[in-house]
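I opened this entry to keep track of what I looked up. My notes follow in the order of looking.

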Amino acid sequence: RFEPPDQEKVKAMLARYPADQRESAIMPALWLAQERFGFISQDAVDLVARSLDVDSSVVAGVATFYTMYHLEPVGRHVIQVCCTLSCSIMGAEKLVKRLETKLGIHVGETTKDGRFTLKKVECLAACGYAPMLQVNEQKFLENLTEADIDKIVDSLP
């Protein structure tokens, strides 16, 4: 359940949209749920749906469509490698393989210590700077080579 401060945030989200467009608040409400619970579980989907008074299937559709929502627990650092055409042509698969070797996991897995989760994602909107990856939805790293991977991973606490 959302605590009272979060309930107020949801009310504010809803206030931004006409009453007949409650679905418009799904994405920010999912962000709030992910921030609070660490990932979007079925319980979180149901909570967002109840909070917005929309059908759970609509919320689930949004949560499963966008790669920014984590549908299972993730590590402290989520590394997302863009694998769309531009990045693929410029060597994204080599970056993925290097990360798998460096971290000792495969795409979609989290290291045993809970430090890293590795994901392949579609377009991160930096096609002119391919290949690139994103760390924790905040840090974009572009024009990467395999040699950059060790430095990136080693720099993360």
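Which residue forms a salt bridge with K102, and how far apart are the closest N and O atoms? I found D154, with the closest N and O atoms 3.0 Å apart. I took a salt bridge as a side-chain nitrogen of Lys or Arg within 4 Å of a carboxyl oxygen of Asp or Glu. K102 lies in helix α6 and D154 in helix α7, so this pair ties together parts that are 52 residues apart in sequence.

**Ground rules**

I am working on a predicted model, where local features need pLDDT of at least 70, side-chain atom pairs count only at pLDDT 80 or more, and totals for chains, interfaces and linings use all residues. Residues are numbered from 1 along each chain as its sequence is written, and side-chain values use heavy atoms, with hydrogens and water left out.

**Overview**

I noted seven helices and four strands. These are DSSP runs, numbered from the N terminus: helices are H or I with at least four residues, strands are E with at least two. From the N terminus on, the order reads α-α-α-α-β-α-α-β-β-β-α. The C-alpha atoms fill a box of roughly 50 × 35 × 25 Å along the principal axes.

I then checked burial. Of the 157 residues, 39% count as buried. Buried means under 20% relative accessible area, exposed means over 50%, and partly exposed is in between (1.4 Å probe, protein chains only). The protein exposes about 8700 Å², and carbon and sulfur atoms supply 54% of that area. The areas come from the Shrake-Rupley method with a 1.4 Å probe, and for residues only the protein chains shown count as cover.

Contacts came next, meaning heavy atoms within 4.5 Å. Among those between residues at least 6 apart in sequence, 61% join residues at least 24 apart.

**Salt bridges**

I went back to the charged pairs. Side chains of opposite charge can pair when their charged atoms come close. The structure holds eight salt bridges.

D150 forms one with R98, and the closest N and O atoms are 2.7 Å apart. D150 lies in helix α7 (residues 146-155) and R98 in helix α6 (residues 92-103), so the pair ties together parts 52 residues apart in sequence. I saw that R98, K102, D150 and D154 are linked in a network of salt bridges.

How accessible are the network members? D154 is exposed at 53% relative accessibility. K102 is partly exposed at 30%. D150 is partly exposed at 26%, and R98 is partly exposed at 23%.

I also looked up D6. D6 forms a salt bridge with R36, with the closest N and O atoms 2.7 Å apart. This pair links distant parts of the chain: D6 is in helix α1 (residues 4-15), R36 is in helix α2 (residues 26-37), and they are 30 residues apart. Is D6 buried or exposed? D6 counts as buried, at 5% relative accessibility. R36 is partly exposed, at 36%.

**Helix α3**

Which residues are buried in helix α3 (residues 42-52)? I listed A44, V45, L47, V48, A49 and L52. The buried residues of α3 pack against α1, α2 and α4 (56-65). An α-helix has 3.6 residues a turn, so residues three or four places apart point the same way. D53 follows α3, and its phi is positive, near 60°.

I checked H70 in the loop between α4 and β1 (77-82). H70 is buried at 3% relative accessibility. Not counting residues up to four places away in sequence, H70 touches Q34, F39, I40, V78, K119 and E137.

Q80 is in strand β1. Q80 is buried, with a relative accessible area of 2%. Leaving aside neighbours within four places in sequence, Q80 is in contact with T67, K119, V121, L124, L133, Q134 and E137.

**Surface patch**

L85, I89 and M90 make a nonpolar surface patch of about 360 Å². Patches are made of residues with over 30% relative accessible area and no salt bridge: like charges are joined within 9 Å, nonpolar side chains (Val, Leu, Ile, Met, Phe, Trp, Tyr) within 5 Å. L85 sits in helix α5 (residues 85-89). L85 is exposed, with a relative accessible area of 61%.
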